[in-house]
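Subject: Handover of a structure

Dear colleague,

Please find the structure below, together with its sequence.

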Number of protein chains: 2
Amino acid sequence: MSHRTPSLLDRLSLNQETVRQWSLPELADGCARAGVRGVGLWRAPVQQYGVAAAARLIRDAGLRVSSLCRGGFFTAREPGERAAALDDNRAALDEAAALGTDTLVLVSGGLPPGSRDLAGARERIADALGELAPYAAERGVRLALEPLHPMYAADRCVVSTLAQALDLAERFPADRVGVVVDTYHLWWDDTVGAQIGRAGGTGTGGAAGSRIAAFQLADWITPLPEGVLLGRGQLGDGSVNLRWFRERVEAAGYRGPVEVEIFNPALWARDGTEVLAEVVRRFRTHVG
Amino acid sequence: MSHRTPSLLDRLSLNQETVRQWSLPELADGCARAGVRGVGLWRAPVQQYGVAAAARLIRDAGLRVSSLCRGGFFTAREPGERAAALDDNRAALDEAAALGTDTLVLVSGGLPPGSRDLAGARERIADALGELAPYAAERGVRLALEPLHPMYAADRCVVSTLAQALDLAERFPADRVGVVVDTYHLWWDDTVGAQIGRAGGTGTGGAAGSRIAAFQLADWITPLPEGVLLGRGQLGDGSVNLRWFRERVEAAGYRGPVEVEIFNPALWARDGTEVLAEVVRRFRTHVG
């Protein structure tokens, strides 16, 4: 038996929303058959199946959970709403620990109704991270702040660039709060290469220790659909230089899972096995 | 008769796409009746009416043309396509001069089909500006580079932030190449305040002379419609702190027209006079 560095394909992880048509058992079975070693999970289907049962199912299939989506929604001003959000994030951290993943992806939240105060909303995110970080650390889970595309700034996430995410994350130790590099959200930004270096601690001004907690792939295609949520492209179908991103995160020291997360009803309408086979082919061609 | 500084309301300009239901004569008459002193025009309706006739119509109504939309589309790689785009921009500059405006708004162009090279596309924009700047200067028209929201980066404009627009503009003299500050495109960016200062030459690192060639207002509302082009909000209906933007551009020395440019079929379905009256009311409340 020879020892070898894990190949890029060994690091491929399939986010379950890419094949939403699959149940959790179908996901576990489908990935195991395709030789895909990791899955990214979402809270709702995991809760529906049962957290402990889902953890066992994934483990028994020989798979690893690369990340759990999602915590966050930290921007409410009303104290009761805010306390409820923090409680829900503690539950999400418990679930992440039970599933054996070290990464909880955070969608930070948009502007509260009627508010125009982006800076205030961003400060409330920092406050929430401060409250949750010790709880997360006790469970061995890192809070992974995800910058979302600026088109989501009003209603989903006021953290729109990798620079903003790092400005928030760097207030905390690197092993407690990290960031998500998702090509769909960040591809347009001419500063993203430098910020990936900063996230890795390899650029100037970076804090010690890598902040890159997750690396997610989807392509950018147009026209965007109404609501702009379900229009992500299969790898290679769009405008994103995926290989460039992979090389940048590797140059920044990242060697973790490479998760494919595509929200697209056209993929959900097809046979899941076929979709996963296409993901693997596209991954080899456009990322590897 | 007393001398006074023009009030903010005197600087209000109505971009004609806000009231697309109006013909050019209706626009001229409607603005004059409402006491609005300026209009922003688009090439297609002006060409259809006749450039000289449109210039006369607007002048005779006592109005000033704040800007002409739009030149640009500089990112083609194919030489014939590129030459055609430059020719069309020269025609747009001639039209701007004939209309008596000193501002041609530029939508720079997206990625060519199949391309993923954002940096290359941005360089071709710089090349085109270099070719057009002398022609523009001879006609007394400034090229006004407009950063568009990052959701348009693939198909409309690879210049997505005010910082990127200034990086390009600052390669040329300030009186030849400026930038457009449009709240709809820039509101989400936490660096925009500093970049407005840079554009005004009032921040550190700014070149001498203001780069702010135009200031345009629209609000950000959700959900975004399919294609994300016609979903702009009436002033005050959305997430943008319009007054903050107005104060920032004034602090940067800008005293030019304040143009309201809202693309929204709900406004087009209403009586134009009523829409303009609403714009004026909202402008007083949310901008003044």
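Predicted model: local features only at pLDDT ≥ 70, side-chain atom pairs only at ≥ 80, totals over all residues.

Residues are numbered from 1 along each chain as its sequence is written, and chains are lettered from A and ligands numbered from 1 in the order in which they are written.

The two chains

In the contact between the chains, 24 residues of chain B touch 24 residues of chain A (two residues are in contact if their C-beta atoms, placed from the backbone, lie within 7 Å). The chain B side of this contact consists of 13 nonpolar, 7 polar and 4 charged residues (Ala, Val, Leu, Ile, Met, Phe, Trp, Tyr, Cys and Pro count as nonpolar, Asp, Glu, Lys and Arg as charged, and the others, Gly among them, as polar).

The barrel of chain B

Chain B holds a closed barrel of 8 strands in the order 1-2-3-4-5-6-7-10, with parallel pairing (helices, H or I of at least four residues, and strands, E of at least two, are DSSP runs numbered from the N terminus; two strands pair if DSSP finds at least two bridges between them). From one strand to the next, the twist averages 30° (axes are lines fitted to C-alpha atoms, for helices over the stretch in contact, and angles run from 0 to 180 degrees between N-to-C directions). Strand 7 (residues 212-217) and strand 10 (residues 258-260) of chain B pair in the parallel sense over 3 bridges, and B:Leu217 stands opposite B:Val260 in strand 10 of chain B.

Two helix pairs in chain A

The axes of helix 6 (residues 162-169) and helix 8 (residues 192-200) of chain A come within 9 Å and cross at roughly 20°. This makes helix 6 of chain A roughly parallel to helix 8 of chain A (angles under 35 degrees count as roughly parallel, over 145 as roughly antiparallel, 65 to 115 as roughly perpendicular and the rest as oblique). The residues of their contact divide into 6 nonpolar, 1 polar and 1 charged.

The axes of helix 1 (residues 24-34) and helix 11 (residues 272-286) of chain A come within 10 Å and cross at roughly 45°. Helix 1 of chain A is therefore oblique to helix 11 of chain A.

Backbone details

Most residues other than glycine have a negative phi, and most peptide bonds are trans. The peptide bond from A:Thr222 to A:Pro223 is cis, with omega near 0°, and A:Pro223 sits in the loop between strand 8 (219-220) and strand 9 (232-233) of chain A. In chain B, the bond from B:Thr222 to B:Pro223 is cis, with omega near 0°. A:Phe73 has a positive phi, near 55°, and lies in the loop between strand 3 (64-72) and helix 4 (79-99) of chain A.

Yours sincerely
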